[in-house]
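The sequence and structure come next.

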Amino acid sequence: MRKIIHIDMDAFYASIEERDHPAYRQVPLAVGHAGERGVVATANYEARRYGVHSAMSSKRALQLCPQLVFTPPRFDVYEEVSRQIGNIFHEYTDKIEPLSLDEAYLDVTENHLQMPSATLLAREIKERIRETTGLTASAGISYNKFLAKVASDYRKPDGLFVVTEEQAENFIATLKIEQFWGIGKQTARKMHEMGVFTGADLKQLSRETLIACFGKAGLGYYLNARGIDHREVTPIRIRKSVGAEHTFPTDLTDTSLLNEELETIAREVKERIDEQQFTGRTITLKIKFANFRQITRSRSENHFLTTAEKIHSLAYALLQEAHIAQVPIRLLGISISRTVDPIRSFDGQLKLDFADWD
Ligand code: TTP
Ligand code: MG
């Protein structure tokens with residue numbers, strides 16, 4: 001039996017803004033732009049009491065809560081926090097599936113600390129997140145992804161909730177149909193028309209009926225209603241990048257020669273960036289030594305890397321940090337990448353990453 005933890009940060013963007021601007025803690029806050037075409041990315045809990053929520057138009061949000069304060073998103077900061085929590089997860093397991101900047105599944109059936117209790121582990125992860133970022137997360141623990149995700153939402157904020165195999169049947173029976181995996185507004189409406197409002201109602205429907213009405217997804221609903229979900233935690237890391245590399249005719253040790261090479265490579269990277277109209281904030285330097293050992297060094301900037309000079313100087317700084325031992329080098333490469341992982345929409349489709357939203 002597997003042990004799955006789902007971690008989801010509480011009011012993610014808004015909590016970061018409150019952390020960094022204490023005055024925001026006392027007021028209803030929306031992250032986003034006010035104005036005609038503005039949309040609320042998320043709201044703090046104070047604003048949610050007025051009914052303000054993610055994806056609502058700013059105009060509507062102001063109708064519900066006229067004193068609502070807007071603050072523009074700072075994606076670089078959110079990405080940085082996301083990277084911090086990702087690093088914490090990696091201390092426990094490498095089976096991590098991020099769903100967005102603030103949310104991930106962890107399979108801790110086997111974990112680096114060989115801790116048998118997923119609950120204690122989740123508690124520890126929450127504590128580490130708080131220490132490192134000053135923010136709270138909610139955790140759900142169960143034996144599959146579906147239940148772990150519902151559980152993380154169950155005691156938000158700062159929640160921790162476990163669904164054991166024994167509890168699953170009763171727990172699922174009480175769930176609203178909207179809480180089931182893959183059920184959005186449209187499917188929920190169809191379910192309501194069929195008289196299905198809860199997990200208990202769903203369980204009344206036969207496998208055949210569900211497949212006839214909802215196709216392949218119907219089988220998923222049938223299994224979920226019985227606490228079954230075989231989906232694996234699949235680590236994804238599609239990191240789109242653009243780069244160039246050179247293998248030298250003879251191995252190089254001399255710093256000024258290496259620097260000249262870096263300058264040439266940086267110019268090529270810049271050309272490819274322009275060709276592909278690519279934007280990225282993270283630079284990675286690849287070094288392959290004469291003995292074929294290879295290392296990479298990365299750093300992320302707050303701004304998109306758009307000039308050859310900037311790319312060159314950052315790459316050179318990384319080289320100086322990494323090439324201390326003066327070992328001959330046979331290859332250098334530079335790549336520029338996006339810093340965020342792709343997010344999946346509810347139906348499992350890959351969506352644009354968050355960096356594309358601004
Ligand atoms: P969520 O985890 O859905 O929301 P949340 O973290 O703000 O609140 P909760 O406590 O309920 O988990 O999304 C994470 C972040 O993603 C959120 O802070 C802002 C961003 N986001 C958008 O920009 N647009 C959206 O429509 C949604 C749902 C989220
Ligand atoms: Mg969240």
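## Ligand shell

In this predicted model, ligand 1 is surrounded by 16 residues, and the closest are Ala11, Phe12, Thr42, Tyr45 and Arg48. Sorted by class, the shell around ligand 1 consists of nine nonpolar, two polar and five charged residues.

Four secondary-structure elements each contribute at least two residues to the shell around ligand 1: strand S1 (4–9), helix H1 (12–20), strand S3 (40–43) and helix H2 (45–48).

## Polar contacts and burial

Oxygen atoms of ligand 1 take part in polar contacts with the protein. From the side chain of aspartate 8, a polar atom lies 2.9 Å from a ligand 1 oxygen. The side chain of aspartate 102 also places an N or O atom 3.0 Å from an oxygen atom of ligand 1. At alanine 11 the contact is made by the backbone, where an N or O atom lies 2.7 Å from an oxygen atom of ligand 1.

Taken alone, ligand 1 exposes 560 Å², and 75% of that area is buried by the protein.

## Cysteines

A search of the whole structure for disulfides finds zero.

Cysteine 65 has a relative accessibility of 0% and therefore counts as buried, the cut-off for that class being under 20%. Cysteine 213 has a relative accessibility of 28%, so this residue counts as partly exposed: the value falls between the 20% limit for buried and the 50% limit for exposed.

Key
Residues are numbered from 1 along each chain as its sequence is written. Chains are lettered from A and ligands numbered from 1 in the order in which they are written. This is a predicted model: local features need pLDDT of at least 70, side-chain atom pairs count only at pLDDT 80 or more; totals for chains, interfaces and linings use all residues. Side-chain values use heavy atoms; hydrogens and water are left out. A residue is near a molecule or strand if one of its heavy atoms lies within 4 Å of it. A polar contact is a pair of N or O atoms within 3.5 Å; within protein, one must be able to donate a hydrogen and the other to accept it, and residues adjacent in sequence count only if both atoms are side-chain atoms. Accessible areas come from the Shrake-Rupley method with a 1.4 Å probe; for residues, only the protein chains shown count as cover. Ala, Val, Leu, Ile, Met, Phe, Trp, Tyr, Cys and Pro count as nonpolar, Asp, Glu, Lys and Arg as charged, and the others, Gly among them, as polar. A disulfide is a pair of cysteine sulfur atoms within 2.5 Å. Buried means under 20% relative accessible area, exposed over 50%, partly exposed in between (1.4 Å probe, protein chains only).
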